[in-house]
Amino acid sequence: MLMQLLRADVRAAAEGARGRALSTIFLDANWKAIRNYRLAHALHARFGLRVLPRFLSYRSRVRFAIDIDFRAEIGPGFVIRHGMGVVVGRDVRAGSRLSLHQGVTLGGNGGKTRDLHTDFGDFPGATQPVLGDNVSILTGACAFGPVAIGSNAVIGAGTLLFTDVPANTSVFQKRQTVLRALDGSGIAPADAEAAPACRAASASKTQQNKTAENGSPGGGEGAAHA
């Protein structure tokens, strides 16, 4: 079973790249973290070991900056892309062909529990996300607490997820918000559509400051010598 899972993970990592399987096994840090997780999970599930699985998880966290709890359950074809900062919690349950990108977090939400009933299984007392098959979670996205993410779902970059996602659905964050004007004026419009007005107001404010520093247009230096 372990070897079957590892072979499926290698195929998923090397998909679309002819002859890449060997380079994945020996050079791909993301796959090595998945390998450590698979081995740690097998040791815990089959023999009830805890210390060695913890060591393997710790090794992946230190060497690859990927933290996958050995008690999580993830189906075959698991792949991580550019995996720095990936975190998968102990109670996460995922189907086959899960794809995670840099900075993804799947974890709890303050100990909240919930009974989840999905088309891919029932999960009583769930505390962390459960995912169907072929789910892709893109860079920086986070799912917290007992939420169900349906099969073939795509979670867009930077999304914060606290609610269920139906199957065959894409979820993306809202449009970008401008937090600071480009010229450093500190004006914070409500959204990106306000950016032109922000720049206009900033330019007007800058001109007023220059006028105040140089004196009035009619006074100038002559007023100072009077």
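1. Let's start with Val-62, which lies in helix 4. Helices here are DSSP runs of H or I with at least four residues, strands are E runs of at least two, and both are numbered from the N terminus. Val-62 counts as exposed because its relative accessibility is 53%; the cut-offs are over 50% for exposed, under 20% for buried and partly exposed in between, with a 1.4 Å probe and protein chains only.

2. Before going further, a word on what you're looking at. This is a predicted model, so local features need pLDDT of at least 70 and side-chain atom pairs count only at pLDDT 80 or more, while totals for chains, interfaces and linings use all residues. Residues are numbered from 1 along each chain as its sequence is written, and side-chain values use heavy atoms, leaving out hydrogens and water.

3. On confidence: pLDDT is the predictor's own score for each residue, from 0 to 100. The protein has a mean pLDDT of 85, with 75% of its residues at 70 or more. Residues 187-192 are below 50, yet this stretch has 17 contacts in the model beyond near neighbours in sequence. Residues 216-226 are also below 50, with 3 such contacts. A contact means heavy atoms within 4.5 Å.

4. Together with Phe-47, Leu-49, Leu-52, Phe-55 and Tyr-58, Val-62 makes a nonpolar surface patch of about 610 Å². Helix 4 (residues 51-64) gives the largest share of the patch, 4 residues. Patch residues have over 30% relative accessible area and no salt bridge, with nonpolar side chains (Val, Leu, Ile, Met, Phe, Trp, Tyr) joined within 5 Å and like charges within 9 Å. A salt bridge would be a Lys or Arg side-chain nitrogen within 4 Å of an Asp or Glu carboxyl oxygen.

5. For the overall picture, the protein has 6 helices and 16 strands. Of its 226 residues, 38% count as buried.

6. Now the open sheet: 5 strands in the order 3-6-11-14-16, with parallel pairing. Its edges are strand 3 (79-81) and strand 16 (170-171), each pairing on one side only. Strand 14 (residues 154-155) pairs with strand 16 over 2 bridges, and Ile-155 has Val-171 as its bridge partner. Two strands pair if DSSP finds at least two bridges between them.

7. Last, a hairpin: strand 8 and strand 9 with 2 residues between them. Strand 8 (residues 114-118) and strand 9 (residues 121-126) run antiparallel, joined by 4 bridges. Arg-114 stands opposite Ala-126 in strand 9.

Conventions
Areas by Shrake-Rupley, 256 points an atom, 1.4 Å probe, with all protein chains shown as cover.
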